[in-house]
Every structure is written in C-alpha cells, then in structure tokens.
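Welcome, and please load the model in your viewer. We will walk from a pair of helices to the strands around them.

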Amino acid sequence: LDSNNPGAFTNLGVVLKDLGNLEEAEASCKIAVELKPDFSQGHNNLAEFYMCVSKLEDAETSYKKAISLNPDFAEAHNNLGMLYLRQQDFRRGFELNEWRWKTKQEIGERLISSKPDWSGEQGKTVFIWSEQGVGDVLMFATILKELQEISAAVILRCDQRLVPLFERSFSGNISFISGNDTIVPETSYDYHIPIGSLPKFFRHDLASFEKGSKAFLKADLNKVKHIKEILHQDSEQSICGISWRGGKKGAARLRSIELPLLASALDDNKQTLVSLQYNATKQELDDLRNHHGIDIITLPEIDNFNDLDGLAALICACDNIVSVDNTTVHLAGALGADTHALIPLAHGWRWGRDSETSYWYDSVSLHRQHAIADWSQPLKTAQLKLR
C-alpha cells in the first residue's frame, strides 16, 4: 500500500532478523534509512542487525548515527553501551548502560526512594534491589563480597527462589529479603543501588573480573548426595546435565537448539543425560525417546523453574553441564560446575567477542556459533572438551 514507508521497512527488518532471515533483514533495514536518512529508529534497528551478525564496527557507526539524529534516544545509547561491553570497553559500556532505565526494556521498576543512590561510599549500609532476570542477578552477585568488604552492611532484595542459595553461600554483614516487590523501610539503609549498576564501580577492566569469577554459591550437600545416589543407582556412567531452550520471544529463540540435535551429539555409551531445562514438556522427551531412541533422566521431585535450590543440587550432582545461553549457565557457573555454554552468533555482551572462556565464571567454557542457526561447530568443540 505504501512502498516508501520507512517505518514498515525497519519493523519488517526486525521481524526478519528475529526469524533468522538475515539477508532479507539487512536489505529491509537498509531500505528504511535510504528512504529516510534522518530516521534515528531505522539506524538503531540497522545497528541491531549488525550486532546480530557480529559486525561490530558497522553497528557502532549506525548507533552513533542514531544518537546524532536524536541525542535523547535512550535505546540507542544503551545499545551502544552493550556494544562497548561486548568489546570489553567496560568503563564506557557500564556508564552508557545507565540509559536502560529510560528504555522500554522489561527490567522491572526503578526504586523510588528519598535516600541517595550509592556511588562508592564506604562504611555505610547499602540496599541493593534486583532487576532484570535471575541469570542477570546471579551474574552481578559475583560482586557482592567486594561490596561487603567496604560496607557496614549490605541488604539484597531478590527473587524468593534465590534466597535459600544466597543465605547458605554468604555470611557476615549481608542479609537477604525475599520478593522483588517487598517494601524495605528507608530507615534500614543509607544508600541504594540497582544490582545491575554495581559493575560500574567494580568492573573497570578485564583483570577486575578475577575478583569474583570463582565459585561463590553453595548447594545443599545432603541434596547433592541424595541426587547422586539416584542418578548412579543403575549406572556408573558419567552424568551430563543439559538445557536446550533459551527463550521463545524474538531473537531469544536464536539461543535455543533443537533437543534431538543436542541429545544426539552428546548421547554415547559413556554418559547419562539429565534434564536441567525449565518447563521441559513430557511430549518433547517422549518424542526424543520414541523417534531417536534417547532417554533423558528427569527428577520429578525437582521443579527446575521454581526450585532453584534443588536445581543447584542437581547441577552439582552432574559431572558436567552443556547448556544454551540461559539461567542454567549462570547458576552452574556460580556453583563452579564444569560447564559448556553453547553461544549463538547473536549473543549478548556478557560473553565477550571471541574468547573461549567466560570472564564472569572460571568454570564456564564458551563454544561459539560461526553462522546463525548452525550449531555444528559449538557442538563439535563441546564434544571434544567432554572427551
């Protein structure tokens, strides 16, 4: 109806990117900015396409163009910060990441408090409030012990599923409040900060990540022992925990791998596969058994989504973990489990650019896609590591 509509072309480009139709996505995004060179949203969307295919220099150019056209464009500022973080330019990256509160991201509500934001003050009581997802909270929790060292007290409000793990793993001048919506009296703290802003003060270069990259979470050892007895009762094979789904919305789908493809790559007579996937369906496990002859063990007593303490014990009962980029990787890394993360070409900033190891977690190896939706290379390198 309107072949010169730049908004329609840029939106189509976003949808095509999320579907994995990259050539068409690039063409559509470029048409949008050709039709309207001063279209800041179009330049931002073109940059997001370049990020998806790891053309970081082109992405930086397009983000900066979007910002020059609209200096208050929060999404473009935040996205440029993500690009800098992926390039390990942490100072500029974490500073620009503060624009996230002015974007439309679903990261939770910003705390309204009469108390000031924490900006490095020592010897005070600091209230940290969670934002984003459980995986993000686990990742940023690698900084908590450093904050404890310079504070009179630390209070962390977080998802109730994390509280048992955190209370077992941390000690001293730190306390945990269950529930992201729980009201915390202002009289109980001097300063406050969202957990995603902590890296701005503690992670300025690659070397600074070494302070928190070792295992810091502790699973329930009695649960671990009980689960090991169950997993090994019929076999002395090694136990490999797997997770294959990284999200269903938009580009998050590109993080997922088909279960038969993952299970077939790992299935041999030397190891038993165990499901760590949250919301795994009986149908997909039955189909794997009936059509591919592969059994995956599930533990009905553990809800992999709601019982994170139980999932932590299950992870520690495994000899190694193979997972796509989801919460499982962060939980396993925080526990110090031998973890092999399958990283898509269109990955987030937290996994860097081309390294084979994670600077967030010492025990996590990274196996990267070389082409979008093609898992052959990461599966091959993961197989070699496991052997």
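Start by selecting helices H12 and H16, whose crossing is right-handed (the near helix is turned clockwise from the far one by less than a right angle). Helices (H or I, at least four residues) and strands (E, at least two) are DSSP runs numbered from the N terminus. This is a predicted model, in which local features need pLDDT of at least 70 and side-chain atom pairs pLDDT 80 or more, while totals for chains, interfaces and linings use all residues. Residues are numbered from 1 along each chain as its sequence is written, and side-chain values use heavy atoms, without hydrogens and water.

H16 covers residues 376–386, and its axis lies 10 Å from that of H12 at an angle of about 30° (axes are lines fitted to C-alpha atoms, for helices over the stretch in contact, with angles from 0 to 180 degrees between N-to-C directions). Show the side chains next: Leu-261, Leu-262, Ala-265 and Leu-266 of H12 meet Leu-379, Gln-383 and Leu-386 of H16 (contact means heavy atoms within 4.5 Å).

Now colour the open, parallel sheet, with its five strands in the order S6-S5-S7-S8-S9; strands pair if DSSP finds at least two bridges between them. At the edges are S6 (271–275) and S9 (364–368), each pairing on one side only. Zoom in on S5 (residues 238–243), which is joined to S6 by five bridges. There, Cys-240 stands opposite Leu-273.

Finally, select S1 (residues 125–129) and S4, which run parallel and share four bridges. Phe-127 has His-192 in S4 as its bridge partner.
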